[in-house]
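Dear colleague,

Please find below the structure that I am handing over to you. My notes on what was found in it follow directly after.

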Amino acid sequence: MKIAILGAGRIAVHMAETLAGMDDVEAYAVGARELERAEAFAEKYGFTKAYGSYEEMLADKEIDLVYIATPHSHHYKHAKMCLEAGKNVLCEKSFTVNADQARALFKLAEEKNLLSTEAIWTRYMPSRKMIQDIVESGVIGEVTSLTANLSYAVTEKERIRKPELAGGALLDVGVYPINFASMVLGENLKAVQSSAIFEGGVDILETIIMNFEGNKMATLQSGVREISDRMGSIFGTKGYIQVQNINNPEKITVFNQNHEETASYFPPKQITGYEYEVRACKKALEEGKIECPEMPHAETVRIMEIMDGLRKSWGYEIPEVY
């Protein structure tokens with residue numbers, strides 16, 4: 001499978017490093033807004049082709065899958081360009097700015113019989129099944145609640161500071177705790193409450209409370225100005241689970257009702273963690289699918305709807321740039 005990267009920024013570097021360590025896919029092309037930048041990127045990370053415009057890259061008939069690595073504000077525009085050019089799409093999280101954009105892209109992908117999926121890596125990682133298996137084993141009893149947080153000090157980044165780039169904490173880091181809660185507690189959401197702090201027109205810190213059917217609750221926090229412990233805790237009637245770093249789980253620890261550690265699990269060694277979403281796309285394409293079962297279209301839309309509702313409750317409307 002020949003992969004192209006649309007964009008040559010920091011996230012693109014992470015994917016390029018991933019592809020360099022994989023032997024079942026090919027780092028084929030990179031497209032940037034300046035040819036010199038694309039050529040330097042291609043030379044450094046071993047790509048065959050470099051293009052000085054996205055349109056020129058998308059005309060290359062050899063490309064099997066395009067990974068979109070541009071800011072959130074441009075995901076819709078660039079994914080649409082890819083699909084209209086007949087290219088399968090792996091788009092970095094958050095998939096789009098809002099649910100309407102996501103629905104439109106999935107409809108277009110369906111019409112063209114092309115793969116389109118959200119690159120939220122935690123949905124594809126082995127740790128997801130590891131946590132699910134522990135929960136389903138019943139070792140901590142019935143799960144009733146969880147907490148999760150994720151914050152990084154990244155307010156210096158332009159894509160975080162600017163509303164016109166769909167900036168703020170929610171789309172960048174808040175999406176992870178929301179997905180963590182959804183992977184554990186499911187999709188039967190009853191109500192969501194939230195409070196956010198704003199600076200410079202964007203959300204920089206938020207607390208989110210999600211109430212699920214069956215009297216289950218998730219309490220989440222995400223931010224872009226502070227460092228958090230990135231911990232996720234799943235509480236049950238007989239014990240609890242702690243997940244060290246919900247953004248890329250490093251250790252999963254089980255405790256009994258006496259707060260005694262009874263088991264610990266470590267996800268397998270990885271290249272970067274991005275390889276799992278790439279291989280999921282490869283498998284889906286080989287099977288003729290237009291979505292990955294790890295992150296179905298309906299689930300991406302549902303998460304986007306939750307975030308749309310949160311921004312609406314805050315009075316934060318992202319400017320349209322597409």
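In this predicted model, the axes of helix α5 (residues 99–112) and helix α10 (residues 297–314) come within 8 Å and cross at roughly 160°. Axes here are lines fitted to C-alpha atoms, for helices over the stretch in contact, with angles running from 0 to 180 degrees between N-to-C directions. Helices (H or I, at least four residues) and strands (E, at least two) are DSSP runs, numbered from the N terminus. The crossing angle makes α5 roughly antiparallel to α10, a term for angles over 145 degrees. The crossing of the two helices, α5 and α10, is left-handed, meaning that the near helix is turned anticlockwise from the far one by less than a right angle.

From α5, the residues A99, A102, R103 and F106 meet H297, T300, V301, M304, E305 and D308 of α10; contact means heavy atoms within 4.5 Å. Five of the residues in this contact of α5 with α10 are nonpolar, two are polar and three are charged. Ala, Val, Leu, Ile, Met, Phe, Trp, Tyr, Cys and Pro count as nonpolar, Asp, Glu, Lys and Arg as charged, and the others, Gly among them, as polar.

Helix α4 (residues 75–84) is largely enclosed by the rest of the structure, because seven of its ten residues are buried, that is, under 20% relative accessible area (1.4 Å probe, protein chains only). These buried residues are H75, Y76, H78, A79, M81, C82 and L83. Their cover includes β1 (2–6), α3, β4, β5 (88–92) and α5. Just after α4, G86 takes a positive phi of about 80°.

D60 sits in the loop between α3 (54–58) and β4 (65–68). With a relative accessibility of 9%, D60 counts as buried. Leaving aside residues up to four places away in sequence, D60 touches Y28, K49, Y51 and K87.

As for the protein chain as a whole, it has ten helices and 14 strands. Of its 322 residues, 53% count as buried. Its C-alpha atoms fill a box of roughly 60 × 45 × 35 Å, taken along the principal axes.

Finally, two notes on conventions. Residues are numbered from 1 along each chain as its sequence is written, and side-chain values use heavy atoms, with hydrogens and water left out. Local features need pLDDT of at least 70 and side-chain atom pairs count only at pLDDT 80 or more, whereas totals for chains, interfaces and linings use all residues.

Definitions and conventions. Angles under 35 degrees count as roughly parallel, over 145 as roughly antiparallel, 65 to 115 as roughly perpendicular and the rest as oblique. Buried means under 20% relative accessible area, exposed over 50%, partly exposed in between (1.4 Å probe, protein chains only).
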